[in-house]
Structure formats: structure tokens, C-alpha cells
Amino acid sequence: ERDPNKFLAAQARMLRIEDQKLKNPRAVARRQKLVLDYYDKLYRRQKDALEPAAKEAVARAQYSKNEEQFQYYARQKLHWGKGGDPVKGFRDSIKDKGKSLDEINRIYTNVVALGAPEPAVCSLRKIGLAYENMADSVANAPMLRALPPEAQEELKNQLEQQAQPIREKAADHFAAAVTKSREFAVRSECATKSLQALRTT
């Protein structure tokens with residue numbers, strides 16, 4: 001445990017065994033927590049001196065941990081407020097989901113910064129999926145029933161226009177995942193799915 005590179009590289013090997021051979025998700029979760037707890041206690045200079053195998057273990061553990069936060073974000077819905085000012089409630093729900101999107105961006109960018117190939121590519125795709133989710137939430141927001149049909153149609157058009165720049169950010173991150181995969185010269189399912197998203201949506 002005195003040598004971070006040896007310790008984390010060993011954990012990475014055991015993680016692969018527990019995940020791919022033993023198919024034991026509980027053991028994987030325990031070991032990932034062990035990796036992150038150990039990494040958090042390292043000094044900055046020790047973190048900077050980590051070798052690729054050690055960074056791979058940390059990146060994979062961080063990526064897995066982030067999934068819970070991603071699912072929380074994906075479940076957040078946009079809604080109109082109750083009472084005399086429904087628009088304020090809608091704006092507040094957009095603001096809340098926007099804050100969650102910023103957090104998703106931050107935690108997955110931290111994984112990318114570690115430079116481990118597959119977790120980096122998959123993290124870029126996750127950020128793309130988060131922006132895609134936000135765009136869909138805006139474009140398909142529930143209608144304000146108090147509005148007449150013509151106004152509802154106009155509102156829907158406006159929301160679709162507001163969603164377009166968000167879709168472009170999603171595309172940027174899908175493209176970044178493909179580019180990063182080529183940069184690292186690794187085959188990645190996340191890169192393949194990112195390329196499919198660019199071609200289809």
C-alpha cells in the first residue's frame with residue numbers, strides 16, 4: 001500500500017477478475033470503493049505521478065460511481081408551476097435540471113482528465129447523452145393546458161428552437177468520444193454508439 005502504482009495496478013487486475021470471470025457485482029462495488037478511498041487520501045504529487053495502469057483503476061471506479069448521479073439527473077422532469085405563475089415553476093425546473101447537468105459535466109470531465117482510454121471515451125459519451133436528455137426534456141416538455149391550441153403550438157415551436165443548441169452540444173461530445181477513441185487507438189463500444197448517435201439523431 002506504500003506504492004500507489006503497485007497497489008492500484010493490483011486492484012485493477014483483481015477488478016477485472018471479479019467483473020469478467022467471477023461475475024460478482026458486489027465484490028466489484030466493494031473494490032471500486034476501496035480504490036476511490038485510497039486515491040482520495042493520496043497527495044497531489046502522488047496522484048500526478050500515477051502510471052497508466054493505476055489511473056485506469058481509478059478512472060473505471062469513478063465512472064461506475066457516477067452512474068447513480070447520472071440516473072438521478074435523467075429522471076428529473078420539467079414541469080409547470082401551480083397557482084398564478086406557472087411559468088416561474090417551469091423556469092425553476094429548467095434551472096434545477098441545468099444545475100444537475102453542470103454536475104454531470106464536471107464528474108465525467110474528471111474521469112476524462114485521468115487519461116484512461118476506455119473510461120475517457122465512455123465519459124464523453126455520457127456527457128453527450130446528458131445533453132441529449134436535456135434537449136429532449138425541453139423539446140418534449142408538457143404543454144400548459146391553460147393555453148389555447150394555437151398558443152400551445154407556438155410554445156412547442158419555441159421550445160424546439162431552444163433545444164437545438166443543446167442537441168449540438170450533445171453532438172459535440174459524441175464526436176469527441178469518437179475522436180478520443182481514434183486518438184487512443186482503442187476499440188470501444190461507447191465510440192461505436194456515439195458514432196451511431198451522430199448518424200441517426
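Student: Is Arg60 buried, partly exposed or exposed, and what is its relative accessible area?

Tutor: This is a predicted model, and in it Arg60 has a relative accessible area of 35%, so Arg60 is partly exposed.

Student: With which residue does the side chain of Arg60 meet in a salt bridge?

Tutor: The general idea is that side chains of opposite charge can pair when their charged atoms come close. Here the side chains of Arg60 and Glu118 meet in a salt bridge, at 3.2 Å from N to O. This pair links distant parts of the chain, since Arg60 lies in helix 4 and Glu118 in helix 6, 58 residues apart. Glu118, at 35% relative accessibility, is partly exposed, and a network of salt bridges links Glu56, Arg60 and Glu118.

Student: Which residue forms a salt bridge with Lys126, and where do the two lie?

Tutor: Lys126 forms its salt bridge with Glu67, and the closest N and O atoms are 2.8 Å apart.

Student: What is the case of Asp37 and Lys33, which both lie in helix 2?

Tutor: Asp37 and Lys33 are four residues apart, which is about one turn of the helix, and their salt bridge has its closest N and O atoms 2.8 Å apart. Lys33 counts as exposed because its relative accessibility is 52%, while Asp37, with 33%, is partly exposed. The count for the model comes to 12 salt bridges.

Student: How far from Lys97 is the nearest side chain of opposite charge?

Tutor: Lys97, found in helix 5, is buried yet has no salt bridge, and the nearest side chain of opposite charge, that of Asp136, is 9.8 Å away. Leaving aside neighbours within four places in sequence, Lys97 is in contact with residues including Tyr73, Leu78, Asn133 and Met134.

Student: What is the volume of the largest pocket, and which residues are closest to its centre?

Tutor: The largest pocket has a volume of about 460 Å³. Of the 15 residues that line this pocket, the closest to its centre are Asp19, Gln32, Arg60, Tyr63 and Ser64. Helix 1, helix 2, helix 4 and helix 6 are the elements that give two or more residues to the lining. By class, the lining residues of the largest pocket divide into seven nonpolar, three polar and five charged.

Definitions and conventions. Residues are numbered from 1 along each chain as its sequence is written. This is a predicted model: local features need pLDDT of at least 70, side-chain atom pairs count only at pLDDT 80 or more; totals for chains, interfaces and linings use all residues. Side-chain values use heavy atoms; hydrogens and water are left out. On a 1 Å grid over the protein atoms alone, a cavity is a set of points where a 1.4 Å probe fits but cannot get out, and a pocket is an open set with protein on both sides within 12 Å along at least five of seven lines; lining residues have an atom within 4 Å of a point. Grid points are joined across faces, edges and corners, and a volume is the space filled by probe spheres set on the points. Ala, Val, Leu, Ile, Met, Phe, Trp, Tyr, Cys and Pro count as nonpolar, Asp, Glu, Lys and Arg as charged, and the others, Gly among them, as polar. Buried means under 20% relative accessible area, exposed over 50%, partly exposed in between (1.4 Å probe, protein chains only). Lys and Arg count as positive and Asp and Glu as negative; His and the chain ends are not counted. A salt bridge is a side-chain nitrogen of Lys or Arg within 4 Å of a carboxyl oxygen of Asp or Glu. Contact means heavy atoms within 4.5 Å.
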